[in-house]
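Reader: I have a structure to go through. Could we discuss it step by step?
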Amino acid sequence: MKVYKPEWQCTFSVNEGVEESASWKERIAWRFREFADRLDGGGRTIKLDCNVTPEVSREDVDTCLEKGFAVTQGLLIQLAHQAACENVMRDAKAELFEEQPQR
């Protein structure tokens, strides 16, 4: 009986700026990205590299990225809510947040 062993590989990286070992082409591309960020104002450019073997469709990769960013948005909303609640508590009950001297 033949035993089948599936093999796959996936690398995923996110960059927010040019790496020291980058080629001149990559450096120019990052200059364009920085320029676009300044034109847009307030944005944040990231570069995603995703290599999957065996190959999956571009649509599947896009769907995964959309779902990942949706999860990220949910987490950021939760953190913003917690920070807002803490700010209210710090204002309403400042004594709860006062540092107690170490004994």
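Author: Arg90 is partly exposed, at 40% relative accessibility; buried means under 20% relative accessible area, exposed over 50%, and partly exposed in between (1.4 Å probe, protein chains only). This is a predicted model, in which local features need pLDDT of at least 70, side-chain atom pairs count only at pLDDT 80 or more, and totals for chains, interfaces and linings use all residues. Residues are numbered from 1 along each chain as its sequence is written, and side-chain values use heavy atoms, with hydrogens and water left out.

Reader: Which residue forms a salt bridge with Arg90?
Author: Glu86 does, with the closest N and O atoms 2.9 Å apart. A salt bridge here is a side-chain nitrogen of Lys or Arg within 4 Å of a carboxyl oxygen of Asp or Glu.

Reader: Why are Glu86 and Arg90 separated by about one helical turn?
Author: Because they are 4 residues apart in helix 2. Helices (H or I, at least four residues) and strands (E, at least two) are DSSP runs, numbered from the N terminus.

Reader: How many salt bridges does the rule give?
Author: The count is 4. Among them is the pair Arg44 and Glu16, at 2.3 Å from N to O. This pair links distant parts of the chain, 28 residues apart.

Reader: New topic: is Asn15 buried or exposed?
Author: Asn15 is buried, because its relative accessible area is 15%. Asn15 belongs to strand 1, residues 9–15. Leaving aside neighbours within four places in sequence, its contacts (heavy atoms within 4.5 Å) include Trp30 and Asp49.
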